[in-house]
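Here is a short report to read beside the sequence and the model. It goes topic by topic.

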Amino acid sequence: MKPVQSLESVVIRFAGDSGDGMQVIGSQFTNTTALVGNDLATFPDFPAEIRAPAGTLAGVSGFQLHFSSSDIFTPGDAPEVLVAMNPAALKANIRDLKKGGLVVVNAEKFIQREFEKAAITSNPLEDGSLDEWRLVKVDMARLTREAVVGLELGTKEIDRTKNFFALGLCYWLYQRPLETTVRWIEAKFKQPYKEANLRALRAGHAYAETIELFENRYEVPPARLAPGTYRNIMGNQAVSLGLVAAAYKTGLPVFLGSYPITPASDILHQLSAYKAHNVVTFQAEDEIAAVAAAIGASFSGSIGVCTTSGPGMALKAEAIGLAVMTELPLVIINVQRGGPSTGLPTKTEQSDLMQAMYGRNGEAPVAVVAASTPVDCFEMTLEAVRIAVTTMCPVILLTDGYMANGSEPWRLPDVDAIPAIPVKFRTDPVDFQPYRRDPATLVRPWVRPGTPGLEHRIGGIEKQDVTGAVNYEPLNHEHMCKIRAEKIARIQVPDLEVYGDPGDLLVLGWGSTFGAIRSAVDQARSQGVRVGHAHLKYLNPMPANTAEVLRSFRRVLVPEMNLGQLVRILRAEFLLECISLPKIQGQAFKVREILEAIYSTQQNEAAK
Amino acid sequence: MSELQPSDSEKVPAATRALTKKDFMSDQIIRWCPGCGDYAILSQAQTVFAELGIPRENFVMISGIGCSSRFPYYVNAYGFHTIHGRAPAFATGIKASRPELSVWIATGDGDSLSIGGNHTAHMLRRNVDVQVLLFNNRIYGLTKGQYSPTSEPGKKTKSTPMGSLDHPFMPLAFALGCEATFIARSVDIFTKEQREVMRAAHDHKGASFVEIYQNCNIFNDGAWDSLVDKQVRGERCLFLENGKPMVFAGGTKGIKLEGLRPTVVELGNGLTADDCLVHDEADPYLAALLARMDYPEFPVPMGVLHRRSRPTYDALFNEQIAEAKAAAPTASLKQLLYGGETWKVE
């Protein structure tokens, strides 16, 4: 029996060809790990191409999982374990593996033909290039073939099951039960594939048990999470469920107009199955039609919603301006990806902040909010809907590819405790004017067509305040521009909270940098550095205390996955110089990178 | 939710009192140029709206951008003047959400066939139950006189001083290619025929595509004169009646099929109306011939060229919702959130 070593946390990465099923075993390992009770965070990383040529670097798909017995906020900077299904996967990922880490390779694939595809000149299993790591060679394909003997399957089909062999092996290594995956395979596959996958999974597990390849096996005890019912959730799923919750809490149908685009399409897929929950979906002919149909739905009394990514946002700009002008509720969810143009469709970025704030013709203010974690996507989606229907304005919710596809455990909310979002349609024809505003909020009434006596016309041409009649008068236009801006400025949003130490250095973030910042701040504080963390979830309007909070620190460090967009906005709004920490590599910040910036900021200060 | 999403999408509620044309006239000052053909179209539409037995509050006028797209401002009903070319997409969102509303789109040749060609195509393909009034004046009016996608080749305009190079669309052939289930044609000055076509468009369940030849007396005056002037219209227009032979020019000429091709024949000398093609609105092959018939080779077909029955998008859309709700009568937010793989921490 191998000794069992207890670890606080582990980062494991599965890497292989796009067709090798790495995302499948990654999510299986995740579900099993969640049910074991660890805290966790995941990071799937896959190419934009569906099936790049097999064995090439372009085709490498990866899935990283960080699981722990304590609270964690990120999928981990560097894996301790790498499972590489072919030479390309090894080459693309080995640099990230911690020194001394474990690398498990599918040894049969390490042959000349595969080296050529991966542009490798010598066999890394033999040339000493892996000396810094612990190498475990497993003939996965051969062992899988032996396991499925007797089943009527072709070589290719057998080969497809080897990912489950690798999964079984890792389950043994980290003492994970097989049951969750067994159940999943049984529900998902027909015979003989069901049997083949089950045998491969069990063979991998048994092989690890029998062969003395691993010096140790490990356990990661359950995390001490707050009591409650948990499920694992990805950001896109949380957005979907947030929209369903919005339908229940407003009592109105949610109408999603969408055009498929990476990395937002999964929201469309998920919501298309929720018609029974009063959420309907319309796959439009293009991005413009998607937003137009959503605005049409809002005009008719539904909650119009769009899901898209950067290029789609660019196409929707004119229509969003129309929703600004006609003061109709609209929620636009931008799952940001690398840009400009097509950019990096499957990689993450936060470079659409300026676009969200200002990317329309004319003075066209909209509310902008941003989710910070996969779980937070649920709450911020509800917030976006709340603001849209109570303010009669478009709201842009920014998420990104990192949180959209990343996952973490979610302590499920008490459904009844989620506050209702009150919506009132105007039905009283007495003194009705389409643009007569609530004096406190400046919000105009929402009227559903079909309401007798309230017939009226709206449109994109400038309108007279109160009556809504077409109007080109100079002073009216100025008045209307100001009133549309003021209406957004009056939206009530919660104060900005500071975590950690006051007064000295504040790390200010927005969006999916939350996890990396929080981890770095925790680590710095454990080393005695005085540092605080604040995270902006409301970008327009910003919390009322934002300037006060920022000025209460001597320095403000702003990590962003762009070239410093929030820093520019803060300078413009508050005449405040922040230290920008930009990163624009299609990858999330590592904790280490933010930690180093905290230390160097402190040293610069000390040197003064 | 039943109030918001009626299960019976075919049912537009009946008006509780008789309406008149005046009920549909808004208080807005009409800003079309004096003499514009749009006035006549607006007037016919208002007359027809009052006759349809639908309460005023259930009419929704949708438009894009262009002269014709000011239409909603002048109709006292619900109206939405949207953005250039996208009216069909707005209308789709509205009709899918609220099938009990009577949704009309006012558009022009530039709005619906140039910038909005894509949306027009997809609305027709889906068969969204809306009425499209396409004001075709073969010119861009609101931007002051550039050629449009229906302008004749060689047309000299502000942007084509040496003549347009573009080959024009035939709007009804385009619509038919987009799987339209109702195509019809009329002319701004043919008031009675126009009203008949509008009524037929309303009665049709599905996307009704009505091309209306409209005169822009400022930038393209007389564009249709050679077809529609009193002196020539009998010779150059073919007024279609379902089930009737295609004869024109006071009964002296007809359309006959030679092989697969229509030809114009002089009646008499043994040829009678019985030898002519008989109009069958439901025949898609005949529709293809009619949609391509153009002056001077042929008289231009007027009236309903084609209508056929096909389920509407909005009806199917709401049937799926009803089906999903019936299959999950206990659907709840709690069941959805807590329904997957969960675990408890004590």
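The sections below cover domains, backbone, charges and contacts.

## Basis of the model

This is a predicted model, in which local features need pLDDT of at least 70, side-chain atom pairs count only at pLDDT 80 or more, and totals for chains, interfaces and linings use all residues. Residues are numbered from 1 along each chain as its sequence is written, chains are lettered from A and ligands numbered from 1 in the order in which they are written, and side-chain values use heavy atoms, with hydrogens and water left out.

## Domains of chain A

Chain A is assigned domain 1 (4-219), domain 2 (231-417), domain 3 (424-492) and domain 4 (499-607). These bounds come from an automatic or database domain assignment. The centres of domain 1 and domain 3 of chain A, taken over C-alpha atoms, are 59 Å apart.

## Backbone features

Two cis peptide bonds can be described here. One joins Gln191(A) to Pro192(A), with omega about 0°. Pro192(A) sits in the loop between α7 (179-188) and α8 (193-210) of chain A. Helices (H or I, at least four residues) and strands (E, at least two) are DSSP runs, numbered from the N terminus. The other cis bond runs from Thr262(A) to Pro263(A), with omega near 0°. Pro263(A) belongs to the loop between β10 (254-258) and α10 (265-271) of chain A.

Gln175(A) has phi near 50°. Its place is the loop between α6 (162-173) and α7 of chain A. Gln175(A) is partly exposed because its relative accessibility is 32%; buried means under 20% relative accessible area, exposed over 50%, and partly exposed in between (1.4 Å probe, protein chains only). Val466(A) is not a glycine either, yet its phi is about 75°. Val466(A) lies in the loop between β17 (457-459) and α16 (474-489) of chain A. Its relative accessibility is 30%, so Val466(A) counts as partly exposed.

## Salt bridges

How many salt bridges are there over all chains? The count comes to 40. The rule asks for a side-chain nitrogen of Lys or Arg within 4 Å of a carboxyl oxygen of Asp or Glu. One of them pairs Arg142(A) with Glu146(A), at 3.0 Å from N to O. Why are Arg142(A) and Glu146(A) separated by about one helical turn? They are four residues apart in helix α4 (residues 140-147) of chain A. Arg142(A) is partly exposed at 34% relative accessibility. Glu146(A) is partly exposed too, with a relative accessible area of 47%.

Another salt bridge links Glu341(B) and Arg183(A), whose closest N and O atoms are 3.6 Å apart. This pair crosses between chains: Glu341(B) is in the loop between α11 (333-338) and β12 (342-345) of chain B, and Arg183(A) is in helix α7 of chain A. Glu341(B) is partly exposed at 40% relative accessibility. Arg183(A) is partly exposed, with a relative accessible area of 45%. In chain B, the side chains of Lys256(B) and Glu258(B) form a salt bridge at 3.8 Å, N to O. Glu258(B) is partly exposed, with a relative accessible area of 41%. Glu327(A), Arg437(A), Asp465(A) and Lys487(A) are joined in a network of salt bridges.

## A negative patch

Which residues form a negative surface patch? They are Glu126(A), Asp127(A), Asp131(A) and Glu132(A). Patch residues have over 30% relative accessible area and no salt bridge, and like charges are joined within 9 Å. Asp and Glu count as negative. Glu132(A) is found in the loop between α3 (112-117) and β7 (134-138) of chain A. Its relative accessibility is 45%, so Glu132(A) counts as partly exposed.

Met354(A) and Ile569(A) are 215 residues apart in sequence, with 8.4 Å between their C-alpha atoms. Met354(A) is part of helix α13 (residues 353-358) of chain A. Met354(A) is partly exposed, with a relative accessible area of 23%.

Asp203(B) and Gln131(B) are 72 residues apart along the chain, and their C-alpha atoms are separated by 9.6 Å. Asp203(B) lies in helix α6 (residues 191-203) of chain B. Is Asp203(B) buried or exposed? Asp203(B) is exposed, because its relative accessible area is 52%.

Terms used
Patch = residues over 30% accessible without salt bridge, like charges linked within 9 Å, V, L, I, M, F, W, Y side chains within 5 Å. Areas by Shrake-Rupley, 256 points an atom, 1.4 Å probe, with all protein chains shown as cover. Charge placed at Lys NZ, Arg CZ, Asp CG, Glu CD.
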